[in-house]
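Subject: Structure handover

Hello,

Here is the structure we talked about. Please look it over, then read the notes below.

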Amino acid sequence: MPSKPEPRISYIVGRLDRALSLAVEEHVAEHGLTLPQYTALSVLRLRPGLSNAQLARRTFVRPQSMMQVISKLEAAGLIERTPDANHGRILRTEISARGREVLAACDRSVSAMEKTMLSGLAPEQRDAFRDALLDCVRRLGAGLDDVG
């Protein structure tokens, strides 16, 4: 009798992605954010001053959807937008002081969830797992070249 095939890594990663998205969504909702809003704030923390188009690319959402995310974040006072010095039609986006507070609260909740998720791994295994995932992302050309 043939042995049962193991699930493909791409399938496992896809399941993990879905489970993580749902878990993060649940944790950031406690602080009044959606997953796309939390992702946008997280990206802006690393890359302040991005335009809507740049932010959309880095958060894997369509530019039209990013406009909705940005509008809600701005209405909530979590971001500030200013015209670009060289291109008046481009608005540069940065996190406000209130946005940093909300982001920090979300980060604490997400960190607790990640700690639970990784609790079965020793610290060196967690580091190796993170490094392996970063390597996979980079090899597929999905960015994070400036994260180490």
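Start at F60: just after helix 3, this residue takes a positive phi of about 60 degrees. Helices (H or I, at least four residues) and strands (E, at least two) are DSSP runs, numbered from the N terminus.

A word on the source. This is a predicted model, where local features need pLDDT of at least 70, side-chain atom pairs count only at pLDDT 80 or more, and totals for chains, interfaces and linings use all residues. Residues are numbered from 1 along each chain as its sequence is written, and side-chain values use heavy atoms, leaving out hydrogens and water.

Now helix 3 itself, residues 52–59. N52, L55, A56 and T59 are buried there (under 20% relative accessible area; exposed is over 50%, partly exposed in between; 1.4 Å probe, protein chains only). They cover an arc of only 100 degrees around the axis, so they sit on the same side of helix 3. The arc is taken from the directions from the helix axis to the C-beta atoms. The buried residues of helix 3 pack against helix 2 (35–46), helix 4 (63–75), strand 1 (79–83) and strand 2 (91–95).

Next, the largest nonpolar core. It has 25 residues, and L55 is one of those with the most contacts inside it. Such a core is a set of buried Ala, Val, Leu, Ile, Met, Phe, Trp, Tyr and Cys residues joined through side-chain atoms within 4.5 Å. Helix 2 gives the most to this core, with six residues.

Best wishes

Key. Contact means heavy atoms within 4.5 Å.
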